[in-house]
Amino acid sequence: MQILGICGSLRKASLNMVALRECANLMPPGMSLRITGIDDIPMFNQDVFDAGIPEPAKRLRAEIAAADGVLIASPEYNFSLTAALKNAIDWASRPPNQSWQDKPVAVFSVTPGPLGGARVQYDLRRILGQLWAHVLPRPEVFIGASAGKFADGKLTDETTRKFLTDLLAGFKPWVERMQVRK
Ligand SMILES: Cc1cc2nc3c(=O)[nH]c(=O)nc-3n(C[C@H](O)[C@H](O)[C@H](O)COP(=O)(O)O)c2cc1C
């Protein structure tokens with residue numbers, strides 16, 4: 001089971017990216033993670049799309065289409081998605097063959113504040129739901145107060161590791177369930 005990882009932060013030292021990378025070690029047997037970049041995707045413009053989808057966006061669309069599921073880790077920017085993540089979702093959302101159709105997705109968020117990105121997750125669920133992606137309803141994983149949970153580019157908090165492990169354990173049967181339905 002191939003899972004594509006997407007991080008909503010473009011920051012080199014992104015804690016969401018640290019946590020996303022750690023997910024590769026926490027996945028149940030039979031599940032593997034490959035993380036793709038979204039920093040090279042230009043801003044969506046319908047004229048550019050119509051003239052020919054740029055290579056980075058074409059690559060993302062193909063990667064999402066080929067994956068059994070997508071795992072998204074993102075911070076919250078101004079109570080919602082980062083522009084980079086929304087842009088990536090938009091590029092992959094346009095027909096024909098919009099990439100999110102029937103795609104199992106799991107989301108989590110890491111923020112320095114106490115809420116852990118609750119608002120970005122509900123916006124993500126709303127956006128992906130109307131694209132017919134199937135976002136795992138539970139467990140929800142909000143990693144707040146991130147400053148105390150990471151050190152030297154590593155996830156150091158055992159409770160957070162357990163939350164992510166539970167998320168991934170729940171995601172595997174969710175992906176399998178969607179495969180049966182196809
Ligand atoms: C433009 C901007 C807006 C932000 N807005 C929020 C917000 O609404 N809620 C929140 O919890 N954190 C907010 N933050 C803080 C981010 O959650 C924080 O920078 C986060 O750690 C970035 O994730 P990263 O370490 O993966 O880059 C904002 C940061 C930026 C740059």
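Aspartate 40 forms a salt bridge with arginine 59, with the closest N and O atoms 2.9 Å apart. A salt bridge here is a side-chain nitrogen of Lys or Arg within 4 Å of a carboxyl oxygen of Asp or Glu. The model is predicted: local features need pLDDT of at least 70, side-chain atom pairs count only at pLDDT 80 or more, and totals for chains, interfaces and linings use all residues. Residues are numbered from 1 along each chain as its sequence is written, and side-chain values use heavy atoms, leaving out hydrogens and water.

Aspartate 40 sits in the loop between β2 (32-36) and α2 (46-51), and arginine 59 in helix α3, so the pair ties together parts 19 residues apart in sequence. Helices (H or I, at least four residues) and strands (E, at least two) are DSSP runs, numbered from the N terminus. Aspartate 40 is partly exposed, at 38% relative accessible area. Arginine 59 is also partly exposed, at 27%. Buried means under 20% relative accessible area, exposed over 50%, and partly exposed in between (1.4 Å probe, protein chains only). A network of salt bridges links Arg34, Asp40, Arg59 and Glu63. The count of salt bridges comes to 10.

Other pairs lie within single helices. In helix α4, aspartate 90 and lysine 86 are 4 residues apart, about one turn. Their closest N and O atoms are 3.0 Å apart in a salt bridge. Arginine 126 is exposed at 55% relative accessibility, whereas aspartate 123 is buried at 18%.

Helices α4 (residues 83-93) and α5 (residues 118-129) also pack together: their axes come within 11 Å and cross at roughly 10 degrees. Axes are lines fitted to C-alpha atoms, for helices over the stretch in contact, and angles run from 0 to 180 degrees between N-to-C directions. The two helices are therefore roughly parallel, a label for angles under 35 degrees. Leu85, Lys86 and Ile89 of α4 meet Leu124, Ile127 and Leu128 of α5. Contact means heavy atoms within 4.5 Å. These residues divide into 5 nonpolar, no polar and 1 charged.

The largest nonpolar core holds 29 residues. Such a core is a set of buried Ala, Val, Leu, Ile, Met, Phe, Trp, Tyr and Cys residues joined through side-chain atoms within 4.5 Å. Ile6, Ile72, Ile89, Trp100, Val105 and Leu128 touch the most other members. Helix α4 gives the largest share, 6 residues. A second, separate core of 28 residues includes Leu20, Met31, Ala73 and Leu164.

Methods
Angles under 35 degrees count as roughly parallel, over 145 as roughly antiparallel, 65 to 115 as roughly perpendicular and the rest as oblique. Ala, Val, Leu, Ile, Met, Phe, Trp, Tyr, Cys and Pro count as nonpolar, Asp, Glu, Lys and Arg as charged, and the others, Gly among them, as polar.
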